[in-house]
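Dear colleague,

Please find below the structure that I am handing over to you.

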Amino acid sequence: MQGGIILKLSFRWYGEEDKVTLGKIRQIPGMHTIVTAVYDVPVGQVWSRESIASLKRQIESNGMHFEVVESIPVHEDIKLGKPSRDQYIENYCENIRRVAQAGVKCICYNFMPVFDWTRTELAHKLPDGSTTLAYYQAQVDIVNPMESDSDLTLPGWDASYSREELRDVVAQYREMTEDMLWDNLKYFLERIIPVSREVGVNMAIHEDDPCWSIFGLPRIITDESNLDRFLKLVDVPNNGITLCTGSLGCSCHNNVVKMAEKYAAMGRIHFVHMRNVAVLPEGEGFEERAHLSSCGSLDMYAIMKALYQNGFDGYIRPDHGRMIWGETGRPGYGLYDRALGATYLNGLWEAVSKGSTA
Ligand code: DNO
């Protein structure tokens with residue numbers, strides 16, 4: 001083993017239902033941590049200790065660690081600042097305590113109103129025959145989630161909402177400005193960060209994906225100045241970020257290498273999602289690509305080097321993969337291309353660490 005910081009390589013696993021099994025994941029060289037969550041509990045409720053213990057047992061019996069949760073989702077009432085938020089925040093704190101007790105060190109979450117990551121195509125064909133996720137702004141612009149007769153749903157839409165409920169929750173944001181969303185985020189952080197500090201867990205907010213407003217809903221975790229503002233809301237080390245290279249890098253206005261350098265040096269990056277995207281001309285959107293730098297718009301080597309040289313010692317996982325070699329499965333979360341991504345990340349890390357210490 002060389003000196004330097006060990007790469008805590010991780011991989012997302014969707015639990016027993018996931019056809020990418022732990023037995024397969026453990027065969028990827030250098031795999032350290034499984035990133036998962038309790039999936040059978042509605043958003044806002046407390047996770048059972050048995051479910052958490054069962055995840056831990058399965059992961060550890062496959063020779064890996066259970067140190068990252070992605071995600072404990074934030075109930076919409078918290079984002080909306082409703083009176084019921086206090087109970088949901090209390091439940092959130094209880095979940096932090098429970099996963100910490102099982103050995104979890106980092107929790108990834110997001111603060112996007114209603115919609116998590118959004119794409120318009122799940123199987124866009126690339127010239128080499130693989131398929132990938134893509135976001136074309138023109139396709140988003142013609143979808144109106146407020147229209148009940150539109151039957152188009154996009155990935156990232158919460159399938160637990162009926163169309164009526166979706167309309168209702170989107171409508172509740174109609175009067176909400178970005179500043180109001182910031183206030184609600186601050187209220188939430190002021191209550192969860194002390195608990196997470198106490199139990200030794202790093203909180204890592206995920207940037208909005210894509211990093212701009214969609215369907216007129218406010219989105220605030222989008223760029224460097226907003227990340228600065230976020231970190232100051234509760235200015236302690238365990239209030240940090242998940243640096244998601246694809247979410248930030250899909251806007252040509254974000255300099256991901258600079259952000260990696262700056263926030264790693266501040267010790268505020270606790271988790272990294274490494275993914276490459278091909279950014280289309282301004283305003284048109286982006287396509288996800290293989291991890292290799294030359295396959296997309298991002299310099300993955302420079303990002304890795306920036307992390308390494310600025311002392312990043314958190315968790316890192318290959319983010320979405322394409323579907324290759326005929327694989328079918330959960331969009332973005334097949335085995336093969338993510339495993340190639342993991343191997344590439346291992347290679348980059350070995351190169352930057354040996355290059356820096358030689
Ligand atoms: C998509 C993921 C996101 C992420 C959440 C974090 O593939 O990166 O769904 O898990 O935004 O809360």
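A polar contact here is a pair of N or O atoms within 3.5 Å. Please bear in mind that this is a predicted model.

By that definition, Arg 12 qualifies, because a polar atom of its side chain lies 3.3 Å from an oxygen atom of the ligand. The side chain of His 206 also places an N or O atom 3.3 Å from a ligand oxygen. For Tyr 333, the distance from a polar side-chain atom to an oxygen atom of the ligand is 2.6 Å. Of the 330 Å² of accessible area that the ligand has on its own, the protein covers 97%.

The ligand is surrounded by 14 residues, and the closest are Glu 70, Ser 71, Asp 116, His 320 and Tyr 333. Sorted by class, this shell holds five nonpolar, five polar and four charged residues.

Which residues does Leu 185 contact, leaving aside its neighbours within four places in sequence? They are Phe 111, Ile 205, Ile 220, Ile 221, Phe 230 and Leu 233.

With kind regards

Technical notes: Residues numbered from 1 in each chain as written. Predicted model: local features only at pLDDT ≥ 70, side-chain atom pairs only at ≥ 80, totals over all residues. Heavy atoms only, no water. Contact = heavy atoms within 4.5 Å. Near = heavy atom within 4 Å. Polar contact = N/O pair within 3.5 Å; in protein donor to acceptor, adjacent residues only side chain to side chain. Areas by Shrake-Rupley, 256 points an atom, 1.4 Å probe, with all protein chains shown as cover. Nonpolar A, V, L, I, M, F, W, Y, C, P; charged D, E, K, R; others polar.
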